[in-house]
Amino acid sequence: MMVEVLMLRLDGSGGFGYRRAEDRLAGGTHPDEAARELADAGEILLHSTSWRYDDQGHIVLTYAACPDPHHHLPAVPVVPGPGAVAAAPDRP
């Protein structure tokens, strides 16, 4: 099982950006604690948002963290685009 954290921020132009960190979940570690350690932060909002299978067949738990505790590090800008639509109602 993997834990992924997307650390969210506002950029200087009023848009959004994010940084991503992931790691394998160590035995006996709660996923929430692993996510907090990946974010390397004290007081942040941390929310479990989703899970999925990756290409290697691992379950990936995704968390959102806000605000990004290390806003000085480079981030990926979020570019608005069309919404995602499934091919069929039973295929999310």
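In what order do the five strands form an open sheet, and is the pairing parallel, antiparallel or mixed? In this predicted model, local features need pLDDT of at least 70 and side-chain atom pairs count only at pLDDT 80 or more, whereas totals for chains, interfaces and linings use all residues. Residues are numbered from 1 along each chain as its sequence is written, and side-chain values use heavy atoms, with hydrogens and water left out.

The strands of the open sheet follow the order β3-β4-β1-β2-β5, and their pairing is mixed; two strands are taken to pair if DSSP finds at least two bridges between them. The edge strands, each pairing on one side only, are β3 (45-53) and β5 (76-77). Helices (H or I, at least four residues) and strands (E, at least two) are DSSP runs, numbered from the N terminus.

Strand β4 (residues 59-66) pairs with β1 (residues 2-10) in the parallel sense over six bridges, and leucine 61 of β4 is the bridge partner of valine 3. With β3, β4 pairs in the antiparallel sense over eight bridges; here alanine 65 in β4 is the bridge partner of leucine 46. The β3 and β4 strands form a hairpin with five residues between them, and glycine 57 in the turn has a positive phi of about 85°. Because six of its eight residues are buried, β4 is largely enclosed by the rest of the structure. Buried denotes under 20% relative accessible area, exposed over 50%, and partly exposed in between (1.4 Å probe, protein chains only).

Helix α1 (residues 31-39) packs on the sheet and touches β1, β2 (16-24), β3 and β4, a contact being heavy atoms within 4.5 Å. The direction of α1 makes about 50° with that of β1; axes are lines fitted to C-alpha atoms, for helices over the stretch in contact, and angles run from 0 to 180 degrees between N-to-C directions.

For the protein as a whole, 25% of the 92 residues count as buried. Among contacts between residues at least 6 apart in sequence, 51% join residues at least 24 apart. The C-alpha atoms fill a box of roughly 40 × 40 × 20 Å, taken along the principal axes.

Alanine 84 lies in the segment after β5 and counts as exposed, at 85% relative accessibility. Its C-alpha atom is separated by 31 Å from that of histidine 30, 54 residues apart along the chain.
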